[in-house]
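Open the model and keep the sequence beside it.

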Amino acid sequence: MFANCTSWPEAFTDQYRKEGCWKGETFGEMLRERALKYGDRTAVTGKEREISYKHLDRNVDQLAAGLHQMGIRQYDRVVVQLPNRIEFFEVIFALFRLGALPVFALPSHRYSEIRYFCEFSEAKAYIIADRDAGFDFRSLAKKVIETVPTLQHIVVIGDGGKFQALDQLYQDPIDLPNIDSSEIVFFQLSGGSTGLPKFIPRTHDDYIYSLRLSAEVCNLHESSVYLAVLPIAHNYPLSSPGVLGTLYAGGRVVLSGDSSPDEAFPLIEREQVTITALVPPIALVWLEAVSSRQCDLSSLEVLQVGGGKFGSEAARRVKPVIGCTLQQVYGMAEGLVNYTRLDDPEEILIHTQGRPMSPYDEIRIVDEEDREVALGEVGELLTRGPYTIRGYYKAKEYNRKAFTSDGFYRTGDLVRMTPEGYLIVEGRAKDQINRGGEKIAAAEVENHLLAHPLVRDAAIVSMPDEFLGERSCAFVIAQDDSLNIAEVKAFLRERGLAAFKIPDRVEFIDSFPKTAVGKVNKRSLRQMVANK
Ligand code: J2J
């Protein structure tokens, strides 16, 4: 396995192969097989064009050739930051076939995150769109390439300007390397709870297994149409079952970068969408919008909601208001995904976040001393299994804390299990804010704040929010009273932090409440802001 990644112990790899979880399939082969089987059928419908399985397969080979000629080789890391466009698929499958390793950045990431991704992975290339949603990614790339010495290539979809245009990289196919299915295929990024996002190395074997199972659980087949409204680089719309699970099942992906009812509803009607995936705040907007729109949403069979807790009152309204089955999805880029099943009784669909998708997922719910709690009690969820990583990339020290000595991943989620084996997410033990599905590691933002000369100390906590579930509040101890809220926010923006990480609220405070051992008492800070 690629250096600095943690493999499963041999007894487990043997078992996962023997039980047929890992079938030795690679992503490159998967697309090849689908192209042979489905040929001219549409694989992906984008905004301006669509592409068949056959043409996608061909374009991928051509692009692999061009990227190879440019100098991209097996194991090279390539930071990919693309919106929901057909080229996303061409790029990632071309990299998969070369054995190069994409790092999946989100379109909302900015200089602070991208520079770190490129630096930490020692990326050789960074692939972007020229512009998206009013932002020019080339200006970001220009800054990044000036500061990251390993970065040799910027590849741009659309107008490349000074950089390499993607459309010039489609060349005559070349011989491709043999790729081992047990090898790393890409890096996902963790929501994180400490300083910076961790790199999550996923293998062909484990990820394709998760796609196969997801497609099964979500009843995807050749006539399924999956609408992607969330950014597809994120693990949820990528794989649960997401766009890759849809291609695995031979269905059709419809791309939209926009989750608003004005964009999404007409698309559902026109493209006869059967399934889509939302985070809770977007689901709330959709529930409100249905009655005032003329669109026919009757093709929609399944509405997935996940990434953050979906309240039961809203969950209850999905079937009567939208007319489709709600599926709750509780997953994580590190692996484990829980789904409610499509034929579950209503009470389970509404009140739980599902159960593990694989019979080989192992679950432990433990107290602070790692002792298992009684059934129905709340504790931290630990898990291991055939598609859950055993360690983050290049994080030897941190892995000792994030995983138990016998390889269980500490999710940091507080859950309880129902007698039927379903999980209910009750809270969080990790220092993170879940802002409508977007994860903010408190320490990351705190570190940025501490860089301000007038900030003596800072602590970020969540505050409850009806719409997003949670928003962020920064408590700041300032050196003097010349510091104001606008300055704090502007400072973070200037440092190139993704917009969703800028605190929604800033409170100045003289000193932090402390716990018995002298740590900042975030519980009491949360209480303070909730009371305001
Ligand atoms: C409460 N909290 C949830 C839910 C995730 C499928 C779906 C989601 C993700 C994802 C994913 C939740 N209720 N239904 O990767 O494949 C919180 C938990 C979890 C963290 C993981 C997938 N669904 N969460 O959200 O890596 O705290 O993955 O540990 O972004 O989101 O975040 P992330």
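Predicted model: local features only at pLDDT ≥ 70, side-chain atom pairs only at ≥ 80, totals over all residues.

Residues are numbered from 1 along each chain as its sequence is written.

Start with the domains. The protein chain is split into domain 1 (27-31 + 48-179), domain 2 (206-428) and domain 3 (432-531). These bounds come from an automatic or database domain assignment. Over residues 32-393 the chain is 34% helix and 24% strand, with its end C-alpha atoms 29 Å apart. Helices (H or I, at least four residues) and strands (E, at least two) are DSSP runs, numbered from the N terminus. UniProt also places "domain: AMP-binding enzyme C-terminal" at residues 444-519. There the chain is 22% helix and 33% strand, and the end C-alpha atoms are 17 Å apart. UniProt positions are given in the numbering used here, feature names are shortened, and annotations may be inferred rather than shown by experiment.

Now look at where domain 2 meets domain 3. Their C-alpha centres lie 29 Å apart. Eight residues of domain 2 are in contact with seven residues of domain 3; contact means that C-beta atoms, placed from the backbone, lie within 7 Å. Helix α11 (residues 280-289) gives the largest share of the domain 2 side, three residues. That side divides into four nonpolar, two polar and two charged residues. Here Ala, Val, Leu, Ile, Met, Phe, Trp, Tyr, Cys and Pro count as nonpolar, Asp, Glu, Lys and Arg as charged, and the others, Gly among them, as polar.

Stay with α11. Its buried residues are Pro280, Pro281, Ile282, Ala283, Leu284 and Trp286. A residue is buried if 20 or more other C-beta atoms lie within 10 Å of its own, exposed if 12 or fewer, and partly exposed in between. The buried residues of α11 pack against α10 (261-271), β14 (275-278), β15 (302-306), α12 (312-322) and β26 (469-478).

Next come the nonpolar cores. Each is a set of buried Ala, Val, Leu, Ile, Met, Phe, Trp, Tyr and Cys residues joined through C-beta atoms within 7 Å. The largest has 139 residues; Val78, Val79, Val80, Tyr126 and Ala228 touch the most other members. Helix α4 (residues 86-98) supplies its largest share, ten residues. This core draws at least three residues from each of domain 1 and domain 2. Beyond its neighbours within four places in sequence, Val79 is in contact with residues including Val103, Ile114, Phe117 and Tyr126. A second, separate core of 22 residues includes Ala442, Ala459, Leu492 and Val520.

Turn to the ligand. Which residues come nearest? Among the 23 around it, they are Asn235, Tyr236, Tyr330, Gly331 and Ala333. A residue is near if its C-beta atom, placed from the backbone, lies within 6 Å. Strand β16 gives the most to this shell, five residues. By class, the shell has seven nonpolar, twelve polar and four charged residues.

Finish at Thr194, in the loop between β10 (184-189) and β11 (199-203). Thr194 counts as partly exposed because it has 19 C-beta neighbours inside 10 Å. Not counting residues up to four places away in sequence, Thr194 touches Tyr398, Ala441 and Ala443.

Methods. Contact = placed C-beta atoms within 7 Å.
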